[in-house]
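Hi,

Here's the structure I promised to pass along. My notes follow below it.

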Amino acid sequence: MSIKIENLSFIYNPKGAFKKEALKNITLTINKGEFFGIIGHTGSGKSTLIQHFNALIMPQSGTLEVAGIKVVEGSKELKSLRAKCGMVFQYPEYQLFGETVEEDIAFGLINFIGKKTEKNPSGLTDQEIKERVKEAMELVGLSYNEFAMRSPFQLSGGQKRRVAIAGIIVTKPEILILDEPSSGLDPKGKQEILQLIRNLKETTSDTIIMISHDMDEIAENCSRVAVIAKGEIVMCMSPEELFTHEEALVGLSLDIPIVAKVRNALALKGIDVPYNRDYKVFAKTVAEKIAGGAK
Amino acid sequence: MREFTFGQYYPANSVVHKMDARAKLIITIAFIVAIFVVEGFFSFIYVAGFLVFAILLAKLPIRAVVKTIKPILILVLFTAVLNLFFYQKGEIIWEFGFIKIRDEAVRFCLYMAIRLILLVMGSSLMTLTTQPVELTDAIESLLTPLKWVRFPVHELALIMSIALRYIPILMDEADRIIRAQKARGADFESGNIFARAKAMIPILIPLLVSSFRRANELADAMDARCYSGGANRTKFKQFHIGLNDVMGVMSVVSLIMLIITTNAVLF
């Protein structure tokens with residue numbers, strides 16, 4: 001089990017005049033190896049929830065266990081938790097600061113493992129740091145020779161985002177959390193970033209948690225989805241099953257992929273075929289069903 | 001970081017809140033003059049009385065005003081201690097090694113402390129009861145005569161209001177960046193002062209970069225709306241001098257006169 005949440009609640013400004021209940025009694029288990037999606041409206045509490053996962057926000061009530069580490073105030077394992085559980089914020093390129101791409105990517109590595117010194121014999125040598133940075137850059141599809149010595153501020157938006165993601169995965173986190181990784185990119189950039197995330201699942205981080213507004217992205221990638229509304233988990237199931245609850249989703253101002261809409265409309269007409277994230281496969285099944293029915 | 005509320009606007013329905021911002025600005029400046037005109041402790045009672053009266057009139061909780069001196073308390077203590085040891089006039093009343101404390105120094109450092117506290121409370125009273133936009137409008141209006149010498153008054157006021165408007169946005173941004181760098185294992189709490197200063201770099205650079213980005217975006221947006229400065233612009237909120245404003249200015253003028261008279265009688 002990767003992440004285990006029990007009865008987690010969180011209130012912003014619990015004593016102040018602007019008291020706001022962000023999470024109510026969340027109970028959720030995310031298993032190792034899952035590609036888990038979280039979907040919900042702005043202000044539904046999804047960002048608050050994921051910031052708990054690497055102890056940027058401490059649980060106020062309820063329990064939380066991530067990668068075998070209990071998240072409690074004052075725990076000495078929080079730093080190693082953050083190394084094991086990488087977090088890519090929304091618009092991660094805004095956190096770049098290094099003079100060179102290499103320096104920026106090495107930041108997390110040096111913070112978590114440290115350079116090799118007499119006091120820190122388990123640290124990394126300059127050569128090892130360079131190797132790790134190179135590896136991370138290649139994982140996000142940036143050539144080390146071409147980009148390592150350039151300033152991150154000279155790069156294009158999509159490249160900056162890759163550098164920022166490389167800066168997270170350089171520590172090889174078991175769990176990778178991404179908050180709307182494709183927002184603000186053009187369609188091609190979106191596809192590339194999502195392909196990159198799928199590759200990362202195969203190589204460095206086999207548990208992925210992704211927040212998204214885009215049901216197509218969720219449908220295409222996730223094995224399970226949680227729908228959050230007003231701080232509560234309303235539904236938690238596979239995308240295929242989720243999309244059969246079209247009315248409930250519309251009630252939460254969420255849309256479903258067009259293929260799922262067609263599936264549901266056909267089901268109402270008596271042609272019940274299973275949803276498939278690949279529209280070509282779906283079309284083929286429908287065509288076969290109709291052709292078969294005509295015989 | 002969100003608790004940073006140094007003199008932030010405190011909404012209430014009071015005479016002081018409704019006063020003309022220009023009048024409030026003039027009263028505040030005159031009040032500061034009054035603080036420095038005082039000679040002798042007795043006159044501080046007038047000044048403090050005036051301040052308390054204004055706070056009550058503004059329907060502000062005394063605590064909200066007193067809280068504003070918290071950030072400068074260290075400064076007050078620091079200047080008081082320095083003055084106590086290094087002020088060179090008067091009789092020595094206590095001596096220990098090279099430390100000599102004189103009676104004039106005690107008097108002087110008490111004066112300084114009281115003045116600083118009254119000064120901050122007085123100016124906070126203005127920012128607590130006046131919206132930032134009103135305040136910059138008031139500054140613009142009061143500086144209008146400088147337009148005759150081609151001083152860019154409107155532009156100055158605009159710069160001030162933009163700066164004020166961006167404080168909360170930048171604070172949010174800083175908060176986000178701090179979280180993001182923490183997630184990358186950044187440590188802001190341990191190490192000596194140099195290590196801590198160095199740990200700020202990953203926050204300050206992204207913050208600086210994003211301020212420039214925001215400034216550029218704002219400039220583009222203003223260009224797109226053909227913004228061209230102060231000429232022929234009208235205001236949504238017009239200033240009106242009312243009876244309360246005249247009475248306010250009169251009362252602060254009488255405060256200064258009272259202090260000058262007291263000074264003349266006592267010294």
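How many residues of chain B are in contact with chain A? Counting contact as heavy atoms within 4.5 Å, 17 residues of chain B touch 22 residues of chain A. Bear in mind that this is a predicted model, where local features need pLDDT of at least 70, side-chain atom pairs count only at pLDDT 80 or more, and totals for chains, interfaces and linings use all residues. Residues are numbered from 1 along each chain as its sequence is written, chains are lettered from A in the order in which they are written, and side-chain values use heavy atoms, with hydrogens and water left out.

Back to the interface: the two chains bury about 1700 Å² between them, 59% of it on carbon and sulfur atoms (accessible area, 1.4 Å probe, lost on being put together and summed over both). On the chain B side, Arg179(B), Ala183(B) and Arg184(B) lose the most area, together 40% of what that side buries. There's 1 salt bridge between the chains (a side-chain nitrogen of Lys or Arg within 4 Å of a carboxyl oxygen of Asp or Glu): Arg184(B) meets Asp104(A) at 3.2 Å, N to O.

Chain A also has an open sheet of 4 strands, ordered β2-β1-β4-β5 with antiparallel pairing. Strands here are DSSP E runs of at least two residues, helices H or I runs of at least four, and two strands pair if DSSP finds at least two bridges between them. The edge strands are β2 (20–30) and β5 (69–70) of chain A. 2 bridges join β4(A) to β5(A), and Val66(A) has Ile69(A) as its bridge partner.

Cheers
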